[in-house]
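Here are a few exercises to work through with the model open beside you. Try each one before reading its solution.

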Amino acid sequence: MSIDFRTLDLQDALDLAISIEEEAKERYDELVRQVGGGRYPGDAADMFRLMASYEARHCASLAGRRRERFGDRPRRLTKDAIDDVEAPDRGSPRVFMSARGAMEVALASEEKARAFFDDALP
């Protein structure tokens, strides 16, 4: 990723955050399909669905804040500017993964996002 954080204004920062949440939601949706689902309530697919819903909620909240401040101005930063900031690793799921395994994947993704933002903060 080649974003110069020093050049971002508030709109860019919100666009970046929205893109990160969108990417994570799409990846969780992909993982639901990969692991299969419906074996039992609370299986790995349910966990990934839950995480996708959280990412969608975060995205909607950020998009609302962006709209309040910047109206319908076009986004200058999109998902093309990022790769795997918060999204789970594509190689992490497996068919019939346990719910605990899915939670570990989600935790690793959240830790990865925190490290990204900690590095971006200065």
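**Exercise 1. In which helix is R100 found? Then work out whether its side chain is buried or exposed.**

Start with the position: R100 sits in helix 3, which in this predicted model covers residues 99-120. Next, check the accessibility. R100 has a relative accessible area of 62%, and the cut-off for exposed is over 50%, so R100 counts as exposed. Finally, look across the chain: G42 is 58 residues away from R100 in sequence, yet their C-alpha atoms are separated by 9.8 Å.

**Exercise 2. Decide how much confidence the predictor puts in the protein and in its elements.**

Take the whole chain to begin with. The average pLDDT is 84, and 87% of the residues score at least 70. Now go element by element. Helix 2 (residues 44-70) has the highest mean, at 94, while the lowest belongs to helix 3, at 87.

**Exercise 3. Check the length of helix 1, then inspect both of its ends.**

Count first: helix 1 has 26 residues. From first C-alpha to last it reaches 38 Å, close to the 38 Å you'd expect at 1.5 Å a residue. At the start of the helix, look for D9: one of its side-chain oxygens comes to within 3.2 Å of the backbone nitrogen of Q11. Just after the helix, find G36, which takes a positive phi of about 75 degrees.

**Exercise 4. Is D15 buried or exposed, and which residues is it in contact with beyond its neighbours within four places in sequence?**

D15 is found in helix 1. Its relative accessibility is 0%, and buried means under 20%, so D15 is buried. Leaving out neighbours within four places in sequence, the contacts of D15 are R66, R75, R76 and L77.

**Exercise 5. Track down the aromatic pairs around F116.**

Searching the whole structure turns up three aromatic pairs. One of them joins F5 and F116, with 5.6 Å centre to centre and 70 degrees between the planes, which is edge-to-face. This pair links distant parts of the chain: F5 lies in the segment before helix 1 (10-35) and F116 in helix 3, 111 residues apart. Another pair is F116 with F117, also edge-to-face, at 5.1 Å and 80 degrees.

How accessible is each member? F116 is buried at 14%. F5 is partly exposed, with a relative accessible area of 29%, and F117 is partly exposed too, at 37%.

Conventions:
Residues numbered from 1 in each chain as written. Heavy atoms only, no water. pLDDT = per-residue confidence, 0-100. Helix = DSSP H or I, 4+ residues; strand = E, 2+ residues; numbered from the N terminus. Phe/Tyr/Trp six-rings, centres within 6.5 Å; stacked < 30°, edge-to-face > 60°. Buried < 20%, exposed > 50% of the residue type's maximum accessible area, 1.4 Å probe, protein only. Expected span 1.5 Å × (residues − 1). Polar contact = N/O pair within 3.5 Å; in protein donor to acceptor, adjacent residues only side chain to side chain. Contact = heavy atoms within 4.5 Å.
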